[in-house]
Number of protein chains: 2
Amino acid sequence: MVRVLVIHDEGLLRSALVQLLRSDDGLQVTSMSPRSPRADAPKRDARPTDVCVVDGDCLEGPGEVCGARFRALCGDRLVVLATPERPGVLRRAFDGGALGLVDKDASAQRLITAVRTVAKGERFLDETLTVALLKGAQMPLTTRELCVVSLAAEGAPVAEIAARLHLSRGTVRNYMAIAIRKVGARNRVDAIRIVQSAGWA
Amino acid sequence: MVRVLVIHDEGLLRSALVQLLRSDDGLQVTSMSPRSPRADAPKRDARPTDVCVVDGDCLEGPGEVCGARFRALCGDRLVVLATPERPGVLRRAFDGGALGLVDKDASAQRLITAVRTVAKGERFLDETLTVALLKGAQMPLTTRELCVVSLAAEGAPVAEIAARLHLSRGTVRNYMAIAIRKVGARNRVDAIRIVQSAGWA
């Protein structure tokens with residue numbers, strides 16, 4: 001019997017995924033919200049689950065190390081649900097050591113296969129995600145540039161970004177100009193849009 | 001027997017919702033992608049379904065009339081899945097005449113109850129969404145201001161927005177300044193963030 005924990009921020013879809021996985025009699029399925037305190041402070045001595053199935057969008061958040069919160073729950077036996085449209089999310093999951101990457105557009109059977117594969121400690125990667133994952137490897141911004149873009153995306157003015165990152169305003173403007181050029185954007189708003197839609201920030 | 005059509009853009013969650021609804025023997029459930037051609041050009045003579053269950057995020061897109069594409073499929077017997085965080089989506093669904101609004105954080109049983117209620121032609125509104133829906137009524141921007149913000153959000157520079165809306169650059173800047181003030185934003189990027197996260201654009 002494989003114990004599976006489903007983590008998704010929308011209760012309805014969480015229940016739906018649980019029910020879908022329960023169609024396999026060999027899986028014992030529970031679920032929780034990523035906002036639940038259990039996710040932040042899991043017990044480190046006991047492995048309460050064999051495999052976690054996590055919505056890739058839950059891995060986001062500035063500066064968060066992918067799935068660090070979930071690793072204590074299931075080690076690297078993490079199946080991340082993602083889309084090819086967001087290579088940044090895929091990259092974060094992959095670099096964070098998640099063994100499974102399943103396309104959100106896959107069939108129910110593929111998810112079950114992924115869970116069973118990852119439960120054995122083997123890697124499962126949907127082909128549809130491979131190209132996107134390679135693209136995510138080409139994230140052109142440095143951490144500093146990405147930081148500036150992320151803060152700007154929150155609506156912070158240049159002066160505030162400068163203060164928060166301990167930089168001069170000129171340096172912030174410079175980083176922003178470099179970021180705009182690197183991602184091929186037309187302006188600041190366009191750069192933010194590109195970076196966010198790719199899931200890099 | 002109530003015929004239900006599930007519309008969600010992620011195949012895996014679509015299958016999961018179908019399976020969840022099939023736990024009620026009185027529901028005959030099928031599904032499709034919102035990108036499917038059937039959604040754009042439904043047959044107007046036949047009602048292929050009694051109730052549609054649609055992910056609220058599928059109703060988005062600049063200038064799209066809510067669920068116009070789905071009305072031919074099921075009339076007003078539309079159940080929209082939404083979150084309180086996006087009052088703009090709720091408002092669009094409500095104004096578009098959708099009878100059902102279900103919180104994405106609701107239980108599976110509530111979704112089934114909603115489908116059965118809407119199938120009888122009655123309204124179903126999750127209490128958790130009521131306040132957010134009222135807030136969505138207070139969308140402070142005019143259509144023109146919203147248009148300017150939406151185009152800016154796509155990364156269009158002022159000159160391009162002016163050309164596309166047949167306005168002068170000064171007028172575009174003026175609309176943008178008004179929008180920033182009205183939504184209580186700190187700057188242009190902040191205004192875009194606020195408008196997008198509320199689901200107004």
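This is a short tour of a predicted model with chains A and B, one selection at a time.

**Chain A, coloured by confidence**

Start with chain A, whose average pLDDT is 86, with 90% of its residues scoring at least 70. Then select residues 62–66 of chain A, where pLDDT stays under 50. The model gives this stretch nine contacts beyond four places in sequence. Where pLDDT is low, the predicted coordinates should not be read in detail.

**The sheet of chain A**

Next, show the strands of chain A. Six of them form an open sheet in the order β2-β1-β3-β4-β5-β6, paired in parallel. Select residues 27–32 for β2 and 124–125 for β6: these strands of chain A are at the edges. Each has a single partner strand, so one side of each has no neighbour in the sheet.

**Two helices of chain A**

Select residues 143–153 (α7) and 188–197 (α10) of chain A. Their axes come within 10 Å and cross at roughly 105°. An angle of 65 to 115 degrees counts as roughly perpendicular, and α7(A) and α10(A) are therefore described that way. From α7(A), show A:Leu146, A:Val149, A:Ala152 and A:Ala153; they meet A:Arg188, A:Ile192, A:Val195 and A:Gln196 of α10(A). This contact consists of six nonpolar residues, one polar and one charged.

**Two helices of chain B**

Move to chain B and select α7 (residues 143–153) and α9 (residues 169–182). These helices pack at about 95°, with axes 9 Å apart, which means that α7(B) is roughly perpendicular to α9(B). On the α7(B) side, the contact is made by B:Arg144, B:Glu145, B:Val148, B:Val149 and B:Ala152. On the α9(B) side, look for residues including B:Val172, B:Tyr175 and B:Met176. By class, the contact of α7(B) with α9(B) has eight nonpolar and three charged residues, and no polar ones.

**Between the chains**

Finally, show both chains. In chain A, 38 residues contact 38 residues of chain B. The two chains bury about 2,800 Å² between them, 56% of it on carbon and sulfur atoms. Select A:Leu12, A:Arg186 and A:Val189: in chain A, these lose the most area to chain B, together 24% of what that side buries.

Note on methods:
Residues are numbered from 1 along each chain as its sequence is written. Chains are lettered from A and ligands numbered from 1 in the order in which they are written. This is a predicted model: local features need pLDDT of at least 70, side-chain atom pairs count only at pLDDT 80 or more; totals for chains, interfaces and linings use all residues. Side-chain values use heavy atoms; hydrogens and water are left out. Two strands pair if DSSP finds at least two bridges between them. Helices (H or I, at least four residues) and strands (E, at least two) are DSSP runs, numbered from the N terminus. Axes are lines fitted to C-alpha atoms, for helices over the stretch in contact, and angles run from 0 to 180 degrees between N-to-C directions. Angles under 35 degrees count as roughly parallel, over 145 as roughly antiparallel, 65 to 115 as roughly perpendicular and the rest as oblique. Contact means heavy atoms within 4.5 Å. Ala, Val, Leu, Ile, Met, Phe, Trp, Tyr, Cys and Pro count as nonpolar, Asp, Glu, Lys and Arg as charged, and the others, Gly among them, as polar. pLDDT is the predictor's confidence in each residue, from 0 to 100. Buried area is the accessible area (1.4 Å probe) that two parts lose on being put together, summed over both.
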